[in-house]
Amino acid sequence: AAPAATKPAEVAKPAANASVPTAAPAAAVTKPAQKTGGKLVIRIGDMQTPDPHRETGSFHWPQAHSEGLTGIAGDGSIKPRLAERWEIADGRVYTFYLRKGVKFHNGREMNAEDVRANFERINGLDRAWLKATTSTIEKYDVVDPHTIKMTLKEPYAPFLALISEGWVLAPESPGWSGNITKPIGTGAFSWVDFVPKTQLTLKR
């Protein structure tokens with residue numbers, strides 16, 4: 001004979017007035033009060049010399065202390081820096097018009113003669129890393145205190161980008177004729193002290 005059919009088990013239903021348990025609300029998170037001030041010490045890379053024209057280390061400190069005629073924007077484009085604008089003729093004659101009122105950290109105003117002195121110094125150093133660029137310059141003409149013309153031996157496409165790190169220092173910087181020991185620049189931070197393999201101190 002066939003087995004008797006069994007009635008499926010019923011699932012119990014909660015009573016209509018039964019309360020449904022809910023998760024407890026998360027406790028409010030109290031954020032600590034934000035503090036300002038203090039001191040931040042960062043050690044990155046290696047600094048080889050206090051002379052910006054000779055520096056080839058991995059810690060690129062001259063950008064905080066010194067400026068070039070041009071700069072490099074975040075998108076890689078060339079922007080004005082110590083030169084507010086420039087003109088290029090025949091692909092090799094560059095005329096730079098300098099910003100007026102720019103002062104070195106010793107208070108003296110920067111001029112076109114200072115720019116020429118720096119480029120000539122770089123070109124005359126045995127181990128200046130920008131020498132390959134300055135050696136492309138055939139002659140300098142100081143037109144007036146705020147205008148300098150540089151004539152290259154031949155067109156050189158990366159010239160404007162490379163001189164962004166042609167740091168312009170005051171020629172009266174100690175050690176100018178040899179190894180600069182206390183560079184005088186125009187950047188946001190001025191020189192205080194350098195202890196080899198230990199620390200570099202600049203001030204705002």
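The protein chain exposes about 13,100 Å², and carbon and sulfur atoms supply 53% of that area. Keep in mind that this is a predicted model. Of the 204 residues in the protein chain, 34% are buried.

**Layout of the chain**

The protein chain has four helices and eight strands.

**The four-stranded sheet**

Let's turn to the sheet. Four strands make up an open, antiparallel sheet with the order β3-β4-β6-β5. Which strands stand at the edges? They are β3 (83-89) and β5 (137-144); each has a single partner strand, so one side of each is left without a neighbour in the sheet. From one strand to the next, the twist averages 20 degrees.

β5 pairs with β6 over six bridges in the antiparallel sense, and I137 has L152 in β6 as its bridge partner. Helix α2 (residues 112-124) packs on the sheet and touches β4 (93-98), β5 and β6. The direction of α2 makes about 165 degrees with that of β5.

**The nonpolar core**

What sits in the largest nonpolar core, and which of its residues touch the most other members? This core holds 23 residues, and those with the most contacts to other members are L69, F96, V115, F119, M150 and F159. At least two core residues come from each of β4, α2, β5, β6 and α4 (159-162). As a general point, nonpolar side chains in soluble globular proteins tend to be buried together.

Setting aside residues up to four places away in sequence, L69 touches P80, R81, L82, A83, F96, L98, V115, F119, M150 and I163. Among these partners are F96, V115, F119 and M150, which are also listed with L69 as residues that touch the most other core members.

Strands β7 (residues 190-195) and β8 (residues 199-203) run antiparallel and are joined by five bridges. One of the bridge pairs links S190 to K203 in β8. Together β7 and β8 form a hairpin, with three residues between them. In its turn, K197 has a positive phi of about 65 degrees.

| Strand pair | Bridges | A bridge pair |
|---|---|---|
| β5 and β6 (residues 147-152) | six bridges | I137 and L152 |
| β7 (residues 190-195) and β8 (residues 199-203) | five bridges | S190 and K203 |

D90 is found in the loop between β3 and β4. Its phi is positive, about 60 degrees, although D90 is not a glycine. Is D90 buried or exposed? With a relative accessible area of 70%, D90 is exposed, because the cut-off for that class is over 50%.

T49 lies in the segment before α1 (62-65). At 14% relative accessibility T49 counts as buried, because that value is under 20%. The side chain of T49 reaches the backbone nitrogen of D51 at 3.0 Å. Leaving out neighbours within four places in sequence, T49 is in contact with R54, E55 and W61.

Conventions
Residues numbered from 1 in each chain as written. Predicted model: local features only at pLDDT ≥ 70, side-chain atom pairs only at ≥ 80, totals over all residues. Heavy atoms only, no water. Buried < 20%, exposed > 50% of the residue type's maximum accessible area, 1.4 Å probe, protein only. Areas by Shrake-Rupley, 256 points an atom, 1.4 Å probe, with all protein chains shown as cover. Pairing = 2+ DSSP bridges. Axes fitted to C-alpha atoms, helices over the stretch in contact; angles between N-to-C directions. Contact = heavy atoms within 4.5 Å. Core = buried A, V, L, I, M, F, W, Y, C linked by side-chain atoms within 4.5 Å. Polar contact = N/O pair within 3.5 Å; in protein donor to acceptor, adjacent residues only side chain to side chain.
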